Amino acid sequence: MILHINDFINDKNNCSAAFVEAILSMSDGDTLLLDDKEYHFYPEGTYEKEYYISNNDGGMKPIALPIMNKKGITIEGVASELIFHGNMMPIVVDNSENITLKGFSIDYSTPFYAQAKILSADTSGILIEFDGKEFNCKVSDGKFCFYSESENWEFNPEKALSLEFDKNGHPSAYSPPYYAYMGAPRDHGFLSWLYKDITLEERGKNLIFMHGSIGERHTVGNHLVMTYAGRKYPGILITDSKYVALEDINLYYTAAMGIVAQKTENVALKHITAEPRKDSGRLLSTNADATHFINCRGRISVTDCKFVQMMDDASNVHGIYHLYKEKLSDGSIRLGFGHPQHKGIQTYRIGDSVAVINSETNETKAVGKVLEACLVSPDEIILKLDCNVPTPSSNWVTENLSTAPDVYFSNCESGYNRPRGFLISTAGKAVVENCKFYNMNSAIQISGEMKDWYESGCVKDVCIRGCDFNNSAYAGGVAIVCRPSLRCTDTVFNKRIVIENNLFTQANRRICNIESCEEVIFTNNTFRSDPPLSHYQMPGDDGP
């Protein structure tokens, strides 16, 4: 059956309740049609549900388009514009199968980031000015207070991730990003190098002087962009689903990541664009990654997409290493979470193959099939395997070997973002072909790591071919990085990487840096020299 959203809309100013009613009423196989017009959404009238979202912030989510427990449905627009107001999540696809979303854009009336013009800059600090229209800021309790008068919200964070954009609207090659930190002194963990202690002085309405440990790193006339709202509301969440296709969707702005797919089998993205709306004056498309795939299965296909001007990566494909805490009396094992943004996410199914690994040595201690799996709390999983599992010592982890999707990136474009293009950590077959990269830092990163983010796992077969690396890593580092972040660096982690028939137009010799890999084939690539742009390098990116 074909449904039309106009048949459900009573309040044209707030379409939330209408979309919730329309989608919940859809039967399997139905199509919901949207018009070529703007639809505005507010938190009032949304569907609410609690979600834990990997690499994002969990909690209760007001959802405008809740696609739950559906089969074979399509939501189709004709250049339809979905405009969101306030704290809310646009779309969720949950426990659904054969879902198609296409032909619309996602944007927010007032974005949850700030941009300010740099009026003066020296070693003592910088003076920044917000426009007073879309972007407003004052000082409250010694911290930034970002606010919207029209939508009646404010954020008073103790930190703001800050990045300078040049006069062309691109992240500057000469000013590294940092957290402007205004809280009490503390250890910031493995990201401590990013934090700068800042003191604020309000010098007029929307006029603020920042001084502290910034250093001489900013350029007058450029803009400072700051994200401050956390990662509560990705644009589209796909979870526990199968065969989901997204097509012809523009992410003009999302308040966290753009698209997140977790624990999902077979995801296809085609003609997806993350880029600020033309002539909007905005400099950011997403507050974090454009796309992110966690513990997926089957095949992930990303074709003919463009991801630019994000505050984080274009795409990240990985699993989750869980902490092996304890062997229980019945032979079950108790698992925890290595990173707070992984908590509450249970990735195991009955029949899955699971490896128990000593991360101090990278040694696999046992492999078994899942007999039982239960998330007993947001902080704990109980897992029962069909094998004899030894009692753990310190720093043991588990990895779900059954969540290793094949990955295909084709004819995509990625750049002018902090920091990287595609991150690939999957034991499935991965192909990146005919793509163009101009990211601040590495275009492609192959890692897997067991000590900070706990993002699994190794790669076994990666092919990078026919790509155009157009001054990739223009702000430091190298175009292609394969560097696992492991406690033990004495073993080979990854298997096979083929880099062939690519064009590298690079400054200096910043082509690739590959470590801990069994086989590397680097052949038929073309190199062109480009004048060096960077005068700093990210920590750990030392060049080839």
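**Entry 1: the barrel**

I began with strand β27 (residues 322-327) and strand β32 (residues 396-400), which run antiparallel and are joined by two bridges. For my own reference, strands are DSSP runs of E with at least two residues, numbered from the N terminus, and two strands pair if DSSP finds at least two bridges between them. I looked up one partner: H322 is bridged to T398 in β32.

Before going on, I noted that this is a predicted model, where local features need pLDDT of at least 70, side-chain atom pairs count only at pLDDT 80 or more, and totals for chains, interfaces and linings use all residues. Residues are numbered from 1 along each chain as its sequence is written, and side-chain values use heavy atoms, with hydrogens and water left out.

Which strands close into the barrel? I followed six of them, in the order β27-β28-β31-β30-β29-β32, with antiparallel pairing. From one strand to the next, the twist averages 45°; the angles, on a scale from 0 to 180 degrees, lie between N-to-C directions of axes fitted to C-alpha atoms.

**Entry 2: an open sheet**

Next I looked at three strands that form an open sheet, ordered β11-β12-β13 and paired antiparallel. The edges are β11 (136-140) and β13 (153-155), each of which pairs on one side only. With direction ignored, neighbouring strands here are turned by 30° against each other on average. I found five bridges between β11 and strand β12 (residues 143-148), in the antiparallel sense. One of the pairs I checked is V139, whose bridge partner in β12 is F144.

A reminder to myself: strands of a sheet pair through backbone hydrogen bonds, either parallel or antiparallel.

**Entry 3: cores**

F144 turned up again when I looked at the inside. The largest nonpolar core has 135 residues, and I128, F144 and M210 touch the most other members. A nonpolar core is a set of buried Ala, Val, Leu, Ile, Met, Phe, Trp, Tyr and Cys residues joined through side-chain atoms within 4.5 Å. Apart from that core lies another, of 14 residues, including Y324, V370, L383 and W396.

Buried means under 20% relative accessible area, exposed over 50%, and partly exposed in between (1.4 Å probe, protein chains only).

**Entry 4: strand β14**

Why is strand β14 (residues 159-165) largely enclosed by the rest of the structure? I counted it up: six of its seven residues are buried, so the strand is largely enclosed. I then looked for its partners. With strand β15 (residues 178-181), β14 pairs in the antiparallel sense over four bridges, and K159 stands opposite Y181 there. With strand β18 (residues 223-227), β14 has five bridges, again antiparallel; F165 has H223 as its bridge partner in β18.

**Entry 5: salt bridges**

How many salt bridges does the structure hold? I noted 25. The rule is a side-chain nitrogen of Lys or Arg within 4 Å of a carboxyl oxygen of Asp or Glu.

I picked D461 to follow. Its side chain meets that of K429 in a salt bridge (3.3 Å, N to O). K429 lies in strand β36 (residues 429-433) and D461 in strand β40 (residues 461-465), so the pair ties together parts that are 32 residues apart in sequence. D461 also meets R496 in a salt bridge (3.9 Å, N to O). R496 is in strand β43 (residues 494-500) and D461 in β40, so this pair ties together parts that are 35 residues apart in sequence.

D461 is partly exposed at 24% relative accessibility, K429 is partly exposed at 42%, and R496 is partly exposed at 30%.

Elsewhere, E201 and R203 meet in a salt bridge (3.1 Å, N to O). E201 is partly exposed, with a relative accessible area of 34%, and R203 is partly exposed too, with 44%.

**Entry 6: a surface patch**

Last, I went to the outside. V520, F522 and F527 form a nonpolar patch on the surface, with about 260 Å² of accessible area together. Such patches take residues with over 30% relative accessible area and no salt bridge; nonpolar side chains (Val, Leu, Ile, Met, Phe, Trp, Tyr) are joined within 5 Å, like charges within 9 Å. The areas come from the Shrake-Rupley method with a 1.4 Å probe. F527 sits in strand β47 (residues 526-530). Is F527 buried or partly exposed? I found it partly exposed, with a relative accessible area of 47%.
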